[in-house]
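Please look over the notes below with the model open beside you. They go point by point.

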Amino acid sequence: MTLDELNDAAPETFVKALGGIFEHSPWVAEAVVPLRPFASVELLHAAMTGAVDKAGQVAQLGLIRAHPDLAGKAARQGSLTAHSTSEQKGAGLDRLTDAEFDEFHQLNDGYQRRFGFPFILAVRGHDKHSILAAFRTRLQNNAGEEVAEALRQIALIARFRLDDLIV
């Protein structure tokens, strides 16, 4: 889809096209419909991240919690969104040994217990080793730092997804 097509699309078509850019959170796309037209993908992304910034803590935590665990049970069961499946596969998380899967599972559980939401990392350009290193490092952060980092990572994921979608 082109940016011009998105700018000219009916609101429902726009939301349908961009509703998955922010995981299971079409409200982000809905929030920017009235701001069209966008002159660039960069400005569309800025508007969408601005909508997240303005949404408040409850909505932001909901957005964070809408993300799956990395290399979690949902991935093994095949119940991730197409975007998440592709992203995790690209980082090799679909090819973990049982021991590696167990390590991810333990880290996911520990992170979830500590922060109350899943570990989020824009995995493009990462492999299982760099993801595990990021996991271990970020487990040392406080809750405020991790909320901010999760939102930063979500914005990066969204940018990758927009760049993949819009030609």
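1. Asp 127 has 36% relative accessibility, so Asp 127 counts as partly exposed. Here buried means under 20% relative accessible area, exposed over 50%, and partly exposed in between, with a 1.4 Å probe and protein chains only. Asp 127 sits in the loop between α8 and α9. Gly 92 lies 35 residues away in sequence, yet the two C-alpha atoms are 6.2 Å apart.

2. Provenance. This is a predicted model: local features need pLDDT of at least 70, side-chain atom pairs count only at pLDDT 80 or more, and totals for chains, interfaces and linings use all residues. Residues are numbered from 1 along each chain as its sequence is written, and side-chain values use heavy atoms, with hydrogens and water left out.

3. Overall make-up. The protein chain has ten helices and zero strands. Helices (H or I, at least four residues) and strands (E, at least two) are DSSP runs, numbered from the N terminus. Of the 167 residues, 47% count as buried. Among contacts with a separation of 6 or more, 70% join residues 24 or more positions apart; contact means heavy atoms within 4.5 Å.

4. The α8/α9 pair. How do the axes of α8 and α9 cross? Helix α8 covers residues 98–115 and helix α9 residues 128–138; their axes come within 11 Å and cross at roughly 30°. That makes α8 roughly parallel to α9 (under 35 degrees; over 145 is roughly antiparallel, 65 to 115 roughly perpendicular, the rest oblique). Axes are lines fitted to C-alpha atoms over the stretch in contact, with angles from 0 to 180 degrees between N-to-C directions. The crossing is left-handed.

5. Who makes that contact. From α8 come Glu 100, Glu 103, Phe 104, Leu 107, Asn 108, Tyr 111 and Phe 115. From α9 come Lys 128, Ile 131, Leu 132, Phe 135, Arg 136 and Arg 138. By class, the α8 contact with α9 has seven nonpolar, one polar and five charged residues.

6. Helix α4. It runs over residues 41–54, 14 residues in total, and spans 20 Å from first C-alpha to last. That is close to the 20 Å expected at 1.5 Å a residue, taken as 1.5 Å times one less than the number of residues. Its buried residues include Val 41, Leu 44, His 45 and Met 48. The buried residues of α4 pack against α1, α2, α3, α5 and α10. Gly 56 follows α4, with a positive phi near 95°.

Note on methods: Left-handed = near helix turned anticlockwise from the far one by under 90°. Nonpolar A, V, L, I, M, F, W, Y, C, P; charged D, E, K, R; others polar.
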